Amino acid sequence: NVWEVLPRQLEDKGAAVKQQLATLPGRAIAVYVGDDQVDEPAFAALPDGITVHVGHAANSCAQYYLRDVAQVQDFLSTLRTEFA
């Protein structure tokens, strides 16, 4: 089973990521990785971020695509190495 949990006052994950970004000081670049339809509002809400859809998605708003969880792990490891 998978549960998607959001506070009632937020309509979707797009609203949630916007709220979180507003709390960060300075200019932050969001990296959002998701694998299904409920992640699409977050992808759409982050036109200046790095958005990645995992798995097959014919009509995703994400800018990038990764095949599977192993590629996500490699991607995150590379980000950590390059930007640490």
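Which residue in E2 stands opposite Val31? Ile50 does.

## Ground rules

This is a predicted model, so to speak of local features we need pLDDT of at least 70, and side-chain atom pairs count only at pLDDT 80 or more, while totals for chains, interfaces and linings use all residues. Residues are numbered from 1 along each chain as its sequence is written, and side-chain values use heavy atoms, with hydrogens and water left out.

## The sheet

Three strands form an open sheet in the order E1-E2-E3, with parallel pairing. E1 and E3 are the edge strands, each pairing on one side only. On average, neighbouring strands here are turned by 25 degrees against each other, direction ignored (axes are lines fitted to C-alpha atoms, with angles from 0 to 180 degrees between N-to-C directions). Strands are DSSP runs of at least two residues, helices (H or I) of at least four, both numbered from the N terminus; two strands pair if DSSP finds at least two bridges between them.

Strand E1 (residues 31-34) is joined to E2 by four bridges. E2 and E3 (residues 64-66) share three bridges, and His53 stands opposite Tyr65 in E3.

Four of the five residues of E2 (residues 50-54) are buried, so the strand is largely enclosed by the rest of the structure. Buried means under 20% relative accessible area, exposed over 50%, and partly exposed in between (1.4 Å probe, protein chains only).

His56 sits in the loop between E2 and E3 and counts as exposed, at 73% relative accessibility. His56 and Asp35 are 21 residues apart in sequence and 8.5 Å apart in space, C-alpha to C-alpha.
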